Amino acid sequence: MSIQPVRLFGDPVLRTPATEVATFDAELRKLVTDLTDTMHDQAGAGLAAPQIGVSLRVFTYDVDGITGHLINPTFEKVGEEEQFGPEGCLSIPGMTWDCRRHLRVVAHGMNMYGEPVRLEGTEMLARCVQHETDHLDGVLFVDRLDPETRKLAMAQIRAAQWFGQPEPVVKTSPHPLFGKAL
Ligand SMILES: [Zn+2]
């Protein structure tokens, strides 16, 4: 297993546009494995490399029982239909808000061996492609919410227990510190 800590809202890596993958080597395959293992561990529908602190254009998905990955992805909408429904993000744990997305998209990219891949999806898969590609541009789905919902979302994020923690909290002792000198 190579489960990595998921970076949370507020971490600058999530706001940094990721770099195109140029080398399809063992290190890249390890990254895809890490992303896949971490996504499954978190029961996520998708995970982008910046979310584990790697600023490369790679994401994985697990939608309708199908797990895959896409490298250097681009996508375009198919038709004009939109979907409006709940969306969440492993970097904003425990929260969902309704977000507008294209209903159907077709994505192009490569697999970890550098072979071209085409991925067409509707509904959840389409939502996932748009959400993960946004991550690679430093965009988070709260940026896509309507202004009212975004305001609410930002207030909820600021109030979250995890918000503002520079690193994942590691408890070194199960005992309370009350009454102890440090
Ligand atoms: Zn996300």
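Q: What share of the residues in the protein chain is buried?
A: In this predicted model, buried residues make up 44% of the 182 residues. The label needs a relative accessible area under 20%.

Q: What makes the radius of gyration of the protein chain agree with a compact globule?
A: A compact globule of 182 residues would have a radius near 16 Å. The protein chain has 18 Å, which agrees. Its C-alpha trace spans about 65 × 45 × 30 Å along the principal axes.

Q: Which pattern does the protein chain follow along the sequence?
A: The order is α-β-β-β-β-β-β-β-α-α. That gives 3 helices and 7 strands.

Q: What share of the contacts with a separation of 6 or more joins residues 24 or more positions apart?
A: Such residues account for 65% of those contacts. A contact here means heavy atoms within 4.5 Å.

Q: How many aromatic pairs does a search of the whole structure find?
A: The search finds 3.

Q: Why is the pair of F9 and F163 called tilted?
A: The ring centres are 6.1 Å apart, and pairing requires them to lie within 6.5 Å. The planes meet at 50°. Stacked needs under 30 degrees and edge-to-face over 60, so the pair is tilted. F9 sits in the segment before α1 (26–41) and F163 in the segment after α3 (147–159), 154 residues apart.

Q: Why is F9 called buried, and why is F163 called partly exposed?
A: F9 has a relative accessible area of 12%. Buried means under 20%, so F9 is buried. F163 has 31%.

Q: What makes W97 and F141 a tilted pair?
A: Their rings are 5.9 Å centre to centre, with 35° between the planes. W97 lies in strand β5 (residues 92–102), and F141 in the loop between α2 (123–136) and α3. The two are 44 residues apart.

Q: How do you know whether W97 and F141 are buried or exposed?
A: W97 has 6% relative accessibility. F141 has a relative accessible area of 2%. Both values are under 20%, so W97 and F141 are buried.

Q: Which residues form one aromatic cluster?
A: F9, W162 and F163 form it.

Key: Residues are numbered from 1 along each chain as its sequence is written. This is a predicted model: local features need pLDDT of at least 70, side-chain atom pairs count only at pLDDT 80 or more; totals for chains, interfaces and linings use all residues. Side-chain values use heavy atoms; hydrogens and water are left out. Helices (H or I, at least four residues) and strands (E, at least two) are DSSP runs, numbered from the N terminus. The radius of gyration is taken over C-alpha atoms; the globule rule is 2.2 Å times the number of residues to the power 0.38. Buried means under 20% relative accessible area, exposed over 50%, partly exposed in between (1.4 Å probe, protein chains only). Rings of Phe, Tyr and Trp (its six-membered ring) pair if their centres lie within 6.5 Å; planes under 30 degrees apart count as stacked, over 60 as edge-to-face and the rest as tilted.
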